[in-house]
Amino acid sequence: MGHPIGQRALDRHLVSLDRSSRRSLVGPTALPKELGNVMDVIVHAEPLGGDQEHLRVIIDSNPKVPDRTAAIIAEGESPVPILVAGCRALQKAGADFIIIPCVSAHFFLDEIQQQIALPILSIFDVVSETITCNHPQIK
């Protein structure tokens with residue numbers, strides 16, 4: 001099946017990468033249940049001729065990430081150190097960019113991005129771009 005919004009955003013991002021060595025990074029995610037949807041997007045992101053044309057995917061799924069909502073309302077531990085550690089591990093493993101499928105983790109995106117070298121494909125940018133492209137009448 002697939003998710004058209006995520007597929008278009010991923011396709012646009014992948015155009016800038018070297019096709020011969022391209023790798024996709026999924027993670028770090030807070031909960032394994034988020035992986036199903038994002039893997040569906042990655043698998044269906046491009047029309048492919050065979051298995052060998054799929055993206056290489058590196059996953060860091062860490063259920064030990066502190067509750068993001070509790071951290072947002074200042075009642076819990078910050079998830080940033082663990083998310084940054086996951087991003088760094090993925091970078092060390094050879095990822096080209098990061099996808100974080102956890103919406104609440106995006107609250108900390110700027111803080112995470114400042115501490116890592118790899119770009120993060122932001123869900124907020126994807127949604128904004130999709131609305132702009134598909135509904136130009138909305139300002």
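Of the 139 residues in this chain, 38% count as buried, where buried means under 20% relative accessible area, exposed means over 50%, and partly exposed falls in between, with a 1.4 Å probe and protein chains only. Before going further, please keep in mind that this is a predicted model, in which local features need pLDDT of at least 70 and side-chain atom pairs count only at pLDDT 80 or more, while totals for chains, interfaces and linings use all residues. Residues are numbered from 1 along each chain as its sequence is written, and side-chain values use heavy atoms, with hydrogens and water left out.

Let us begin with confidence. The term pLDDT is the predictor's confidence in each residue, from 0 to 100. Its mean over the chain is 79, and 75% of the residues reach 70 or more. Where pLDDT is low, the predicted coordinates should not be read in detail.

Now for the overall layout. The chain holds six helices and four strands. Both are DSSP runs numbered from the N terminus, with helices (H or I) of at least four residues and strands (E) of at least two. Read from the N terminus, the order of elements is α-β-α-β-α-α-β-α-β-α. Among contacts between residues at least 6 apart in sequence, 68% join residues at least 24 apart. The accessible surface of the chain comes to about 8,000 Å², and 56% of that belongs to carbon and sulfur atoms; these areas come from the Shrake-Rupley method with a 1.4 Å probe, and for residues only the protein chains shown count as cover.

M39 is partly exposed, with a relative accessible area of 25%. Its C-alpha atom is separated by 8.9 Å from that of V57, 18 residues apart along the chain. E34 is found in helix α2 too, and at 16% relative accessibility E34 counts as buried. E34 and C102 are 68 residues apart in sequence, with 7.0 Å between their C-alpha atoms.

Next comes the loop between α3 (68-72) and α4 (80-92), which is the place of A74. At 69% relative accessibility, A74 counts as exposed. What is the phi of A74? A74 has a positive phi of about 65°, although it is not a glycine. For background, most residues other than glycine have a negative phi, and most peptide bonds are trans.

Moving on, R88 sits in helix α4 and is partly exposed, with a relative accessible area of 45%. R88 touches Q115 and I116, leaving aside residues up to four places away in sequence. R88 and A117 are 29 residues apart in sequence and 8.3 Å apart in space, C-alpha to C-alpha.

The surface also has a nonpolar patch, formed by I72, I73 and F107, with about 290 Å² of accessible area together. Patches are made of residues with over 30% relative accessible area and no salt bridge, joining like charges within 9 Å and nonpolar side chains (Val, Leu, Ile, Met, Phe, Trp, Tyr) within 5 Å. A salt bridge here is a side-chain nitrogen of Lys or Arg within 4 Å of a carboxyl oxygen of Asp or Glu. F107 is found in the loop between β3 (98-99) and α5 (109-113), and at 53% relative accessibility F107 counts as exposed.

Is S122 buried or exposed? S122 is buried, with a relative accessible area of 6%. This serine lies in the loop between β4 (120-121) and α6 (123-134). S122 touches H106 and L109, not counting residues up to four places away in sequence.

Finally, a word on cysteines. C87 counts as buried at 1% relative accessibility, whereas C133 is exposed, with a relative accessible area of 55%. A disulfide is a pair of cysteine sulfur atoms within 2.5 Å, and by this rule the count comes to zero.

Conventions. Contact means heavy atoms within 4.5 Å.
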